[in-house]
Amino acid sequence: SLKNGRWEATLVPKEAWVAKVAKEIKLEGGKTLDTLRLSEANGDSSVISFVDVRLKAPLTADEKALIE
């Protein structure tokens, strides 16, 4: 989903063997990925935060359109 320049995507495994390990992966960000949350099937979770992300190459017009 996209709201106020921020986006969120939730990935849910389709394959049963993956679902035995990972319940879902949530990705959140703005111009870049800020947070990755992994929810495991056993109830554990891991969060990876990306800070001070710098893009080396400028985005193309098509790439900019995807995040605006």
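**Close-ups of a five-strand sheet and a nonpolar patch**

**View A. Ile48, out toward the solvent side of things.** At 42% relative accessibility, Ile48 comes out as partly exposed, because that label covers whatever falls between buried (under 20% relative accessible area) and exposed (over 50%), with a 1.4 Å probe and protein chains only. Ile48 sits in strand 5, residues 45-49; strands here are DSSP runs of E, at least two residues, numbered from the N terminus. This is a predicted model, so local features need pLDDT of at least 70 and side-chain atom pairs 80 or more, while totals for chains, interfaces and linings use all residues. Residues are numbered from 1 along each chain as its sequence is written, and side-chain values use heavy atoms, leaving out hydrogens and water.

View B. Five strands make an open sheet in the order 1-2-3-4-5, with antiparallel pairing. Strand 1 (2-3) and strand 5 are at the edges with a single partner strand each, so one side of each has no neighbour in the sheet. Pairing takes at least two DSSP bridges between two strands.

**View C. Strand 1 meets strand 2.** Two bridges join strand 1 to strand 2 (residues 6-11), and the two run antiparallel. Look for Leu2, whose bridge partner in strand 2 is Trp7.

**View D. Around Thr10.** Thr10, also in strand 2, is partly exposed at 38% relative accessibility. Setting aside neighbours within four places in sequence, Thr10 is in contact with Glu24, Ile25 and Lys26; contact means heavy atoms within 4.5 Å. Arg37 is 27 residues from Thr10 in sequence and 9.3 Å away in space, C-alpha to C-alpha.

Notes:
Patch = residues over 30% accessible without salt bridge, like charges linked within 9 Å, V, L, I, M, F, W, Y side chains within 5 Å. Areas by Shrake-Rupley, 256 points an atom, 1.4 Å probe, with all protein chains shown as cover. Salt bridge = Lys/Arg side-chain N within 4 Å of Asp/Glu carboxyl O. Helix = DSSP H or I, 4+ residues; strand = E, 2+ residues; numbered from the N terminus.
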